[in-house]
Amino acid sequence: MNLFSVLVIVGATLAVSVSGQRRSAEVGPYTAQFSGYKYIQRDITNMTTQLLSQNFDFLFLAADFDRYHRDRPGFEQLYREIADQAWSDAIALLQYQSRRGFPGQLDESYLFRVNDHPRMTDELGSLQMALGEEKRVAEMAHAIHQKASVAAEAAKGYDPDAAHFLDRQLIQRRSGSVRKLTGYIHIVNGLINLDTVTRDMGLHLFDHSLKTVQ
C-alpha cells in the first residue's frame with residue numbers, strides 16, 4: 001500500500017469521525033426516551049438499589065445458615081435463591097433503564113449498613129425478615145406500577161410499557177414468593193412451640209424439605 005492510499009484511508013476515517021460527532025451533537029429529540037417514563041425513573045433507580053441491597057443481605061444470611069454448627073442447607077438454599085433473584089431483577093432494571101434512554105443508575109445517597117445484616121437470626125426470625133423484604137419490593141413495584149398505569153390527566157408517569165415490564169419481571173414473582181414464605185412461617189411457628197426433641201427433629205425435616213421443593 002503506497003503513501004497516497006494510506007492518506008486517503010486516514011482522511012476518510014477522520015471525515016466519518018467528524019461527521020459522526022456532528023450528527024451526535026445534533027441528535028436533539030432523537031432519543032429512546034418517550035411517554036411518561038422520565039417521571040418514574042427515580043423510582044426505578046431506588047428499587048434497583050433496594051434489590052442490590054437485598055441481594056447482599058440474603059447472601060450473608062445464606063452463608064450464616066451454611067455454617068457447620070447450624071447445618072441448615074435447606075434454609076441456605078432458600079436464601080441464596082432469593083439473593084440470586086434480587087440480583088437478576090436488579091440487572092434487568094439497569095438494562096431496562098438503558099433501553100428507555102437513560103443510563104443505568106443507582107441511588108448515590110444509599111448507605112451500605114453492615115450492622116443491619118441479620119447473621120444471627122433463627123429460622124423463624126429469618127423467614128419473617130425474608131417475608132418483610134419481599135413485601136417491601138412488591139409494594140415498591142406496585143407503587144411504580146400504579147404511577148405508570150393510571151391514564152389520568154395528573155398522572156404524568158403514565159407508561160404502559162413500564163407497567164408491563166414491572167408486572168412480568170417483578171410483581172408476579174414477588175406475589176408467589178410472599179405466599180410461599182407466609183406458608184413457611186406458619187409451619188415453623190407451629191414447630192417451635194413443641195417440646196425440644198420434637199422441635200429439633202421437626203426443624204431438621206423441614207429444612208430437608210426445603211432442599212427438595214426449591
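Helix α2 is largely enclosed by the rest of the structure, because 19 of its 25 residues are buried. The model is a predicted one.

**Helix geometry**

- The end C-alpha atoms of α2 (41-65) are 36 Å apart, which agrees with the 36 Å that its 25 residues should span at 1.5 Å a residue.
- Helix α3 covers residues 73-99, 27 residues in total. From its first C-alpha to its last it reaches 38 Å, close to the expected 39 Å.

**The loop between α2 and α3**

- Arg 70 is located in the loop between α2 and α3. With a relative accessible area of 16%, Arg 70 falls under the 20% cut-off and therefore counts as buried.
- The side chain of Arg 70 makes a polar contact of 2.3 Å with the side chain of Asp 64.
- Arg 72 forms a salt bridge with Glu 123 through their side chains, at an N to O distance of 2.9 Å. This pair links distant parts of the chain, since Arg 72 sits in the loop between α2 and α3 while Glu 123 belongs to helix α4 (residues 123-149), 51 residues apart.
- Arg 72 and Glu 123 are both buried.

**Contact between α4 and α5**

- A salt bridge joins Arg 174 to Glu 134, with the closest N and O atoms 3.1 Å apart. Arg 174 lies in helix α5 (residues 160-191) and Glu 134 in helix α4, so the pair ties together parts that are 40 residues apart in sequence.
- Both partners, Arg 174 and Glu 134, are buried.
- Glu 134 and Arg 174 also belong to a network of salt bridges that includes Asp 89 and Arg 173.

**A partly exposed pair**

- The side chains of Arg 199 and Asp 200 form a salt bridge, with an N to O distance of 3.5 Å.
- Asp 200 has a relative accessibility of 39% and therefore counts as partly exposed, between the cut-offs of 20% and 50%. Arg 199, at 27% relative accessibility, is likewise partly exposed.

Conventions:
Residues numbered from 1 in each chain as written. Predicted model: local features only at pLDDT ≥ 70, side-chain atom pairs only at ≥ 80, totals over all residues. Heavy atoms only, no water. Helix = DSSP H or I, 4+ residues; strand = E, 2+ residues; numbered from the N terminus. Expected span 1.5 Å × (residues − 1). Buried < 20%, exposed > 50% of the residue type's maximum accessible area, 1.4 Å probe, protein only. Polar contact = N/O pair within 3.5 Å; in protein donor to acceptor, adjacent residues only side chain to side chain. Salt bridge = Lys/Arg side-chain N within 4 Å of Asp/Glu carboxyl O.
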